[in-house]
Amino acid sequence: MDFTAVIAQLPRLVAGAQTTVWLSVAALACGAVLGLVMCAARLSGNIALRAVAAGFVSVFRGLPLLVVLLILFYVPPNFGIETTPITAALLGLTLNTAGYQTEIYRAGFLTLPPGHAEAARMLGFSRLQIARHIFLPQIFRVTIPALTNEAVDVVKSSGLLSVIAVTELLRVSQQIVSSTYRPLETYLVCAVFYFVLSSTVSWTGRALERRMSLKPA
Amino acid sequence: MIDLTALAEFAPAIWRGLLVTVEICAVSLMLGLVLGLVVALLGRLPFRPLHWLIRGYVEIWRGTPLLLQLFILYYGGPSLGFTPSAYLAGVLGMSLYTGAYLSEIFRGGFDAVPPGQIEAARMLGFTRLKTVRHIEVPQMLKLVVPPTTNQMISIIKESAVLSVITVPELTLTTTRIVSETFNVVEPYLLLGLAYWSITSLVAFASRRVERRLVQA
(Lines give C-alpha, C1' and ligand atoms only; values in the text may rest on other atoms or scores of the structure.)
Protein backbone atom coordinates (compact mmCIF):
# COMPACT_ATOMS: atom_id res chain seq x y z
CA MET A 1 0.00 0.00 0.00
CA ASP A 2 1.25 3.42 -0.91
CA PHE A 3 -0.62 6.44 0.35
CA THR A 4 1.63 9.20 -1.04
CA ALA A 5 -0.47 9.77 -4.18
CA VAL A 6 -3.63 10.04 -2.07
CA ILE A 7 -2.06 12.29 0.55
CA ALA A 8 -1.16 14.72 -2.23
CA GLN A 9 -4.89 14.95 -3.03
CA LEU A 10 -6.01 15.69 0.53
CA PRO A 11 -7.15 19.26 -0.22
CA ARG A 12 -9.60 17.91 -2.81
CA LEU A 13 -10.95 15.40 -0.31
CA VAL A 14 -11.40 18.17 2.26
CA ALA A 15 -13.33 20.22 -0.32
CA GLY A 16 -15.48 17.15 -1.05
CA ALA A 17 -16.11 16.66 2.66
CA GLN A 18 -17.24 20.30 2.90
CA THR A 19 -19.78 19.67 0.16
CA THR A 20 -20.95 16.54 2.00
CA VAL A 21 -21.36 18.56 5.20
CA TRP A 22 -23.27 21.48 3.74
CA LEU A 23 -25.58 19.26 1.71
CA SER A 24 -26.29 17.11 4.78
CA VAL A 25 -26.91 20.10 7.02
CA ALA A 26 -29.17 21.77 4.46
CA ALA A 27 -31.14 18.56 3.86
CA LEU A 28 -31.52 17.92 7.59
CA ALA A 29 -32.75 21.48 8.22
CA CYS A 30 -35.21 21.48 5.30
CA GLY A 31 -36.23 17.95 6.29
CA ALA A 32 -36.92 19.12 9.85
CA VAL A 33 -39.30 21.84 8.62
CA LEU A 34 -41.07 19.51 6.19
CA GLY A 35 -41.07 16.70 8.77
CA LEU A 36 -42.73 18.91 11.40
CA VAL A 37 -45.35 20.05 8.90
CA MET A 38 -46.05 16.45 7.88
CA CYS A 39 -46.15 15.40 11.52
CA ALA A 40 -48.73 18.10 12.26
CA ALA A 41 -50.73 16.87 9.25
CA ARG A 42 -50.52 13.27 10.42
CA LEU A 43 -51.84 14.22 13.84
CA SER A 44 -54.52 16.63 12.60
CA GLY A 45 -58.23 15.95 12.73
CA ASN A 46 -58.56 16.34 8.97
CA ILE A 47 -58.76 12.95 7.21
CA ALA A 48 -57.43 14.29 3.89
CA LEU A 49 -54.37 15.85 5.55
CA ARG A 50 -53.74 12.66 7.48
CA ALA A 51 -53.91 10.58 4.30
CA VAL A 52 -51.51 12.89 2.45
CA ALA A 53 -48.98 12.73 5.29
CA ALA A 54 -49.31 8.95 5.64
CA GLY A 55 -48.78 8.54 1.88
CA PHE A 56 -45.75 10.83 1.99
CA VAL A 57 -44.15 8.83 4.81
CA SER A 58 -44.93 5.51 3.18
CA VAL A 59 -43.45 6.50 -0.19
CA PHE A 60 -40.26 8.16 1.02
CA ARG A 61 -39.53 5.57 3.68
CA GLY A 62 -40.41 2.77 1.26
CA LEU A 63 -38.19 3.83 -1.65
CA PRO A 64 -34.40 3.60 -1.70
CA LEU A 65 -32.82 7.06 -1.72
CA LEU A 66 -30.87 6.05 -4.84
CA VAL A 67 -34.13 5.40 -6.69
CA VAL A 68 -35.59 8.74 -5.53
CA LEU A 69 -32.44 10.50 -6.77
CA LEU A 70 -32.50 8.74 -10.14
CA ILE A 71 -36.16 9.63 -10.61
CA LEU A 72 -35.65 13.28 -9.58
CA PHE A 73 -32.62 13.62 -11.84
CA TYR A 74 -33.71 11.75 -14.98
CA VAL A 75 -37.51 12.02 -15.12
CA PRO A 76 -38.21 15.82 -15.00
CA PRO A 77 -36.16 16.62 -18.17
CA ASN A 78 -38.56 14.28 -19.96
CA PHE A 79 -41.33 16.77 -19.21
CA GLY A 80 -39.25 19.79 -20.17
CA ILE A 81 -38.13 20.62 -16.62
CA GLU A 82 -34.38 21.17 -16.34
CA THR A 83 -32.64 19.72 -13.28
CA THR A 84 -29.14 20.17 -11.95
CA PRO A 85 -27.40 17.51 -9.84
CA ILE A 86 -27.41 19.82 -6.81
CA THR A 87 -31.15 20.56 -6.88
CA ALA A 88 -32.04 16.91 -7.43
CA ALA A 89 -29.62 15.99 -4.62
CA LEU A 90 -30.98 18.50 -2.13
CA LEU A 91 -34.59 17.67 -2.97
CA GLY A 92 -34.00 13.91 -2.76
CA LEU A 93 -32.08 14.00 0.51
CA THR A 94 -34.64 16.40 2.02
CA LEU A 95 -37.67 14.29 1.04
CA ASN A 96 -35.97 11.14 2.30
CA THR A 97 -35.03 12.52 5.70
CA ALA A 98 -38.39 14.34 6.01
CA GLY A 99 -40.14 10.96 5.74
CA TYR A 100 -38.09 9.60 8.62
CA GLN A 101 -38.23 12.80 10.68
CA THR A 102 -42.04 12.87 10.42
CA GLU A 103 -42.20 9.53 12.18
CA ILE A 104 -39.56 10.55 14.73
CA TYR A 105 -41.51 13.69 15.69
CA ARG A 106 -44.77 11.77 15.79
CA ALA A 107 -43.27 9.19 18.16
CA GLY A 108 -41.89 12.07 20.27
CA PHE A 109 -45.26 13.81 20.36
CA LEU A 110 -47.01 10.63 21.49
CA THR A 111 -44.79 10.45 24.58
CA LEU A 112 -46.10 13.82 25.83
CA PRO A 113 -48.71 13.67 28.58
CA PRO A 114 -52.03 15.15 27.31
CA GLY A 115 -52.28 17.16 30.54
CA HIS A 116 -49.66 19.62 29.30
CA ALA A 117 -51.74 20.83 26.37
CA GLU A 118 -54.87 20.94 28.55
CA ALA A 119 -53.09 22.97 31.22
CA ALA A 120 -51.73 25.38 28.62
CA ARG A 121 -55.19 25.79 27.10
CA MET A 122 -56.62 26.55 30.55
CA LEU A 123 -53.93 29.21 30.97
CA GLY A 124 -55.14 30.87 27.77
CA PHE A 125 -52.37 29.75 25.39
CA SER A 126 -53.37 29.84 21.72
CA ARG A 127 -52.89 26.68 19.65
CA LEU A 128 -49.80 28.16 18.04
CA GLN A 129 -48.36 29.10 21.42
CA ILE A 130 -48.98 25.57 22.69
CA ALA A 131 -47.15 24.14 19.70
CA ARG A 132 -44.28 26.60 20.05
CA HIS A 133 -43.80 26.63 23.83
CA ILE A 134 -45.16 23.29 25.05
CA PHE A 135 -44.82 20.74 22.26
CA LEU A 136 -41.70 21.72 20.30
CA PRO A 137 -39.18 22.00 23.16
CA GLN A 138 -40.31 18.73 24.71
CA ILE A 139 -40.47 16.86 21.40
CA PHE A 140 -36.97 18.07 20.60
CA ARG A 141 -35.62 16.79 23.91
CA VAL A 142 -37.08 13.28 23.67
CA THR A 143 -36.18 12.88 20.00
CA ILE A 144 -32.50 13.88 20.24
CA PRO A 145 -31.22 10.25 20.15
CA ALA A 146 -33.39 9.36 17.15
CA LEU A 147 -32.48 12.62 15.38
CA THR A 148 -28.79 11.91 15.98
CA ASN A 149 -29.13 8.51 14.26
CA GLU A 150 -31.01 10.17 11.43
CA ALA A 151 -28.26 12.78 11.01
CA VAL A 152 -25.61 10.02 10.82
CA ASP A 153 -27.77 8.26 8.23
CA VAL A 154 -28.05 11.40 6.12
CA VAL A 155 -24.27 11.96 6.16
CA LYS A 156 -23.75 8.36 5.05
CA SER A 157 -26.54 8.42 2.45
CA SER A 158 -25.13 11.60 0.94
CA GLY A 159 -22.48 9.31 -0.59
CA LEU A 160 -25.20 8.22 -3.02
CA LEU A 161 -25.17 11.72 -4.50
CA SER A 162 -21.95 10.66 -6.26
CA VAL A 163 -24.14 8.60 -8.59
CA ILE A 164 -25.82 11.73 -9.97
CA ALA A 165 -22.45 13.50 -10.26
CA VAL A 166 -22.53 15.78 -7.22
CA THR A 167 -18.87 16.35 -6.35
CA GLU A 168 -19.10 15.37 -2.70
CA LEU A 169 -16.64 13.23 -0.76
CA LEU A 170 -17.27 9.92 -2.52
CA ARG A 171 -17.37 11.46 -6.01
CA VAL A 172 -14.09 13.27 -5.37
CA SER A 173 -12.59 9.94 -4.24
CA GLN A 174 -13.72 8.30 -7.47
CA GLN A 175 -12.10 11.10 -9.45
CA ILE A 176 -8.88 10.67 -7.50
CA VAL A 177 -8.97 6.91 -8.15
CA SER A 178 -9.29 7.49 -11.88
CA SER A 179 -6.17 9.67 -11.92
CA THR A 180 -3.98 7.83 -9.36
CA TYR A 181 -5.09 4.20 -9.96
CA ARG A 182 -4.95 3.63 -6.20
CA PRO A 183 -8.51 2.50 -5.34
CA LEU A 184 -7.75 0.76 -2.05
CA GLU A 185 -5.73 3.61 -0.54
CA THR A 186 -8.08 6.33 -1.77
CA TYR A 187 -11.25 4.65 -0.56
CA LEU A 188 -9.67 3.84 2.80
CA VAL A 189 -8.78 7.51 3.28
CA CYS A 190 -12.31 8.41 2.18
CA ALA A 191 -13.64 5.98 4.81
CA VAL A 192 -11.59 7.79 7.46
CA PHE A 193 -13.26 11.06 6.40
CA TYR A 194 -16.75 9.54 6.66
CA PHE A 195 -15.91 7.90 9.96
CA VAL A 196 -14.73 11.20 11.42
CA LEU A 197 -17.88 12.96 10.15
CA SER A 198 -20.32 10.37 11.47
CA SER A 199 -18.48 10.04 14.82
CA THR A 200 -18.56 13.81 15.23
CA VAL A 201 -22.31 13.81 14.63
CA SER A 202 -23.01 10.99 17.11
CA TRP A 203 -20.65 12.49 19.68
CA THR A 204 -22.37 15.88 19.40
CA GLY A 205 -25.75 14.19 19.66
CA ARG A 206 -24.78 12.38 22.85
CA ALA A 207 -23.38 15.59 24.36
CA LEU A 208 -26.60 17.43 23.50
CA GLU A 209 -28.62 14.60 24.98
CA ARG A 210 -26.73 14.81 28.29
CA ARG A 211 -27.07 18.57 28.34
CA MET A 212 -30.81 18.54 27.69
CA SER A 213 -31.50 15.65 30.04
CA LEU A 214 -33.80 16.44 32.95
CA LYS A 215 -31.99 14.06 35.28
CA PRO A 216 -29.17 15.66 37.30
CA ALA A 217 -25.81 14.61 35.85
CA MET B 1 -48.55 10.05 -20.82
CA ILE B 2 -47.80 6.60 -19.48
CA ASP B 3 -47.45 3.99 -22.20
CA LEU B 4 -49.10 0.79 -21.08
CA THR B 5 -47.48 -1.39 -23.76
CA ALA B 6 -44.08 -0.12 -22.59
CA LEU B 7 -45.01 -1.11 -19.03
CA ALA B 8 -45.90 -4.63 -20.20
CA GLU B 9 -42.72 -4.82 -22.25
CA PHE B 10 -40.37 -3.96 -19.39
CA ALA B 11 -42.16 -5.77 -16.59
CA PRO B 12 -40.58 -9.24 -17.14
CA ALA B 13 -37.00 -7.92 -17.06
CA ILE B 14 -37.72 -5.81 -14.00
CA TRP B 15 -39.31 -8.83 -12.33
CA ARG B 16 -36.09 -10.81 -12.90
CA GLY B 17 -34.09 -7.92 -11.40
CA LEU B 18 -36.41 -7.96 -8.42
CA LEU B 19 -35.73 -11.66 -7.91
CA VAL B 20 -31.98 -11.00 -7.88
CA THR B 21 -32.50 -8.25 -5.30
CA VAL B 22 -34.61 -10.55 -3.13
CA GLU B 23 -32.05 -13.36 -3.42
CA ILE B 24 -29.07 -11.17 -2.50
CA CYS B 25 -30.94 -9.60 0.39
CA ALA B 26 -32.03 -12.99 1.73
CA VAL B 27 -28.51 -14.44 1.57
CA SER B 28 -26.92 -11.32 3.10
CA LEU B 29 -29.52 -11.22 5.85
CA MET B 30 -28.90 -14.86 6.76
CA LEU B 31 -25.14 -14.34 6.85
CA GLY B 32 -25.60 -11.04 8.68
CA LEU B 33 -27.84 -12.71 11.29
CA VAL B 34 -25.23 -15.41 11.97
CA LEU B 35 -22.40 -12.85 12.05
CA GLY B 36 -24.39 -10.51 14.29
CA LEU B 37 -25.23 -13.32 16.71
CA VAL B 38 -21.62 -14.55 16.86
CA VAL B 39 -20.32 -11.01 17.42
CA ALA B 40 -22.95 -10.31 20.10
CA LEU B 41 -22.08 -13.57 21.89
CA LEU B 42 -18.32 -12.95 21.66
CA GLY B 43 -18.96 -9.50 23.10
CA ARG B 44 -20.28 -11.16 26.26
CA LEU B 45 -17.02 -12.98 26.94
CA PRO B 46 -15.00 -11.27 29.68
CA PHE B 47 -12.01 -10.51 27.45
CA ARG B 48 -11.17 -6.83 26.97
CA PRO B 49 -9.20 -6.82 23.66
CA LEU B 50 -12.10 -8.69 22.05
CA HIS B 51 -14.47 -5.91 23.15
CA TRP B 52 -12.26 -3.27 21.52
CA LEU B 53 -12.11 -5.31 18.32
CA ILE B 54 -15.90 -5.66 18.25
CA ARG B 55 -16.46 -1.95 18.98
CA GLY B 56 -14.06 -1.09 16.15
CA TYR B 57 -15.94 -3.34 13.73
CA VAL B 58 -19.37 -2.03 14.71
CA GLU B 59 -18.40 1.66 14.73
CA ILE B 60 -16.47 1.58 11.45
CA TRP B 61 -19.03 -0.46 9.52
CA ARG B 62 -21.94 1.62 10.84
CA GLY B 63 -20.09 4.91 10.44
CA THR B 64 -19.26 4.70 6.72
CA PRO B 65 -21.56 4.44 3.66
CA LEU B 66 -22.32 0.95 2.34
CA LEU B 67 -21.47 2.17 -1.16
CA LEU B 68 -17.94 3.06 -0.02
CA GLN B 69 -17.53 -0.34 1.69
CA LEU B 70 -18.54 -1.99 -1.59
CA PHE B 71 -15.99 0.12 -3.48
CA ILE B 72 -13.25 -0.95 -1.07
CA LEU B 73 -14.12 -4.64 -1.53
CA TYR B 74 -14.70 -4.55 -5.27
CA TYR B 75 -12.13 -2.02 -6.50
CA GLY B 76 -9.68 -2.15 -3.56
CA GLY B 77 -9.69 -5.93 -3.11
CA PRO B 78 -7.53 -6.63 -6.20
CA SER B 79 -4.68 -4.57 -4.67
CA LEU B 80 -4.57 -7.20 -1.92
CA GLY B 81 -4.84 -10.14 -4.30
CA PHE B 82 -8.59 -10.57 -3.65
CA THR B 83 -10.59 -10.25 -6.87
CA PRO B 84 -14.26 -10.88 -6.12
CA SER B 85 -17.03 -10.87 -8.72
CA ALA B 86 -19.51 -8.00 -8.35
CA TYR B 87 -22.04 -10.45 -6.93
CA LEU B 88 -19.62 -11.85 -4.34
CA ALA B 89 -18.42 -8.38 -3.34
CA GLY B 90 -22.08 -7.36 -3.00
CA VAL B 91 -23.08 -10.27 -0.80
CA LEU B 92 -19.95 -9.98 1.31
CA GLY B 93 -20.28 -6.21 1.72
CA MET B 94 -23.98 -6.38 2.60
CA SER B 95 -23.43 -9.23 5.08
CA LEU B 96 -20.66 -7.41 6.95
CA TYR B 97 -22.75 -4.21 6.97
CA THR B 98 -25.90 -5.99 8.22
CA GLY B 99 -23.86 -7.98 10.75
CA ALA B 100 -22.62 -4.75 12.36
CA TYR B 101 -26.15 -3.39 12.79
CA LEU B 102 -27.63 -6.69 13.94
CA SER B 103 -24.87 -7.33 16.50
CA GLU B 104 -25.80 -4.04 18.17
CA ILE B 105 -29.48 -4.98 18.14
CA PHE B 106 -28.70 -8.40 19.63
CA ARG B 107 -26.42 -6.85 22.25
CA GLY B 108 -29.32 -4.66 23.37
CA GLY B 109 -31.57 -7.75 23.38
CA PHE B 110 -29.18 -9.73 25.59
CA ASP B 111 -28.96 -6.81 28.00
CA ALA B 112 -32.75 -6.75 28.25
CA VAL B 113 -33.10 -10.39 29.34
CA PRO B 114 -33.96 -10.16 33.06
CA PRO B 115 -30.95 -11.27 35.16
CA GLY B 116 -33.28 -13.27 37.42
CA GLN B 117 -33.84 -15.74 34.58
CA ILE B 118 -30.14 -16.41 34.23
CA GLU B 119 -29.74 -16.79 38.00
CA ALA B 120 -32.70 -19.16 38.13
CA ALA B 121 -31.24 -21.27 35.31
CA ARG B 122 -27.93 -21.50 37.12
CA MET B 123 -29.70 -22.51 40.36
CA LEU B 124 -31.39 -25.31 38.41
CA GLY B 125 -27.98 -26.64 37.45
CA PHE B 126 -27.79 -25.32 33.86
CA THR B 127 -24.23 -24.98 32.64
CA ARG B 128 -23.14 -21.58 31.27
CA LEU B 129 -23.50 -22.84 27.69
CA LYS B 130 -26.92 -24.35 28.35
CA THR B 131 -28.10 -21.09 29.92
CA VAL B 132 -27.04 -19.19 26.81
CA ARG B 133 -28.59 -21.73 24.45
CA HIS B 134 -31.90 -22.37 26.21
CA ILE B 135 -32.57 -19.18 28.19
CA GLU B 136 -30.69 -16.17 26.83
CA VAL B 137 -30.75 -16.67 23.05
CA PRO B 138 -34.47 -17.58 22.73
CA GLN B 139 -35.51 -14.66 24.98
CA MET B 140 -33.23 -12.25 23.20
CA LEU B 141 -34.51 -13.33 19.78
CA LYS B 142 -38.08 -12.62 20.81
CA LEU B 143 -37.16 -9.15 22.05
CA VAL B 144 -35.30 -8.13 18.91
CA VAL B 145 -37.99 -8.93 16.33
CA PRO B 146 -39.16 -5.32 15.74
CA PRO B 147 -35.70 -3.73 15.31
CA THR B 148 -34.54 -6.69 13.20
CA THR B 149 -37.43 -6.38 10.75
CA ASN B 150 -36.72 -2.64 10.49
CA GLN B 151 -33.17 -3.53 9.64
CA MET B 152 -34.46 -5.97 7.03
CA ILE B 153 -36.45 -3.23 5.32
CA SER B 154 -33.54 -0.84 5.34
CA ILE B 155 -31.19 -3.48 3.89
CA ILE B 156 -33.61 -4.14 1.01
CA LYS B 157 -33.54 -0.44 0.22
CA GLU B 158 -29.78 -0.13 0.67
CA SER B 159 -29.28 -3.01 -1.77
CA ALA B 160 -30.06 -0.54 -4.58
CA VAL B 161 -26.45 0.69 -4.33
CA LEU B 162 -25.28 -2.72 -5.58
CA SER B 163 -26.22 -1.37 -9.03
CA VAL B 164 -23.23 0.99 -8.82
CA ILE B 165 -20.78 -1.95 -8.65
CA THR B 166 -22.71 -3.60 -11.55
CA VAL B 167 -24.62 -6.33 -9.72
CA PRO B 168 -27.55 -7.00 -12.10
CA GLU B 169 -30.26 -6.39 -9.50
CA LEU B 170 -33.48 -4.39 -9.67
CA THR B 171 -32.02 -0.88 -9.97
CA LEU B 172 -29.31 -1.78 -12.50
CA THR B 173 -31.80 -3.72 -14.63
CA THR B 174 -34.00 -0.64 -14.74
CA THR B 175 -31.28 1.90 -15.48
CA ARG B 176 -30.10 -0.38 -18.32
CA ILE B 177 -33.60 -0.46 -19.80
CA VAL B 178 -33.67 3.35 -19.57
CA SER B 179 -30.37 3.77 -21.39
CA GLU B 180 -31.21 1.19 -24.04
CA THR B 181 -34.77 2.22 -24.87
CA PHE B 182 -34.78 5.93 -23.92
CA ASN B 183 -38.02 5.28 -22.06
CA VAL B 184 -37.64 7.07 -18.75
CA VAL B 185 -41.03 7.31 -17.10
CA GLU B 186 -42.34 3.73 -17.36
CA PRO B 187 -39.22 1.87 -16.16
CA TYR B 188 -38.73 4.21 -13.19
CA LEU B 189 -42.41 3.95 -12.33
CA LEU B 190 -42.10 0.17 -12.22
CA LEU B 191 -38.86 0.45 -10.24
CA GLY B 192 -40.47 2.64 -7.60
CA LEU B 193 -43.49 0.39 -7.44
CA ALA B 194 -41.32 -2.72 -7.05
CA TYR B 195 -39.34 -1.35 -4.10
CA TRP B 196 -42.37 0.18 -2.48
CA SER B 197 -44.22 -3.16 -2.75
CA ILE B 198 -41.49 -5.30 -1.20
CA THR B 199 -40.77 -2.88 1.62
CA SER B 200 -44.51 -2.49 2.36
CA LEU B 201 -44.95 -6.26 2.22
CA VAL B 202 -42.11 -6.87 4.68
CA ALA B 203 -43.43 -4.10 6.96
CA PHE B 204 -46.92 -5.62 6.87
CA ALA B 205 -45.64 -9.16 7.54
CA SER B 206 -43.47 -7.98 10.41
CA ARG B 207 -46.40 -6.20 12.08
CA ARG B 208 -48.35 -9.48 11.91
CA VAL B 209 -45.47 -11.44 13.44
CA GLU B 210 -44.99 -8.84 16.17
CA ARG B 211 -48.67 -8.94 17.08
CA ARG B 212 -48.56 -12.72 17.35
CA LEU B 213 -45.44 -12.58 19.54
CA VAL B 214 -47.07 -10.07 21.86
CA GLN B 215 -50.10 -12.32 22.27
CA ALA B 216 -48.01 -15.47 22.81
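User: What ground rules apply to the numbering and the model?
Analyst: Residues count from 1 along each chain as its sequence is written, while chains are lettered from A and ligands numbered from 1 in the order in which they are written. The model is predicted, so local features need pLDDT of at least 70 and side-chain atom pairs count only at pLDDT 80 or more, though totals for chains, interfaces and linings use all residues.

User: What makes a stretch of chain A a helix, and how many helices are there?
Analyst: A helix is a DSSP run of H or I with at least four residues, a strand a run of E with at least two, and both are numbered from the N terminus. Chain A comes out with nine helices and zero strands.

User: Which part of chain A does UniProt call "ABC transmembrane type-1"?
Analyst: The unreviewed entry puts that domain at residues 17-205 of chain A. UniProt positions are given in the numbering used here, feature names are shortened, and annotations may be inferred rather than shown by experiment. In the model, residues 17-205 of chain A are 81% helix and 0% strand.

User: What makes a residue in H8(B) buried, and which ones are?
Analyst: Buried takes 20 or more other C-beta atoms within 10 Å of the residue's own; 12 or fewer is exposed, in between is partly exposed, and the C-beta atoms are placed from the backbone. The buried residues of H8(B) include B:Leu170, B:Thr171, B:Ile177 and B:Val178. Just past H8(B), B:Phe182 takes a positive phi of about 60 degrees.

User: How do you know which residues are in contact between the chains, and how many are there?
Analyst: Two residues are in contact if their C-beta atoms, placed from the backbone, lie within 7 Å. By that test, chain B gives 29 residues and chain A gives 27. On the chain B side, H9(B) gives the most, with eight residues.

User: What makes a residue on that side of chain B nonpolar, polar or charged?
Analyst: Ala, Val, Leu, Ile, Met, Phe, Trp, Tyr, Cys and Pro count as nonpolar, Asp, Glu, Lys and Arg as charged, and the others, Gly among them, as polar. The side of chain B that touches chain A divides into 18 nonpolar, nine polar and two charged.
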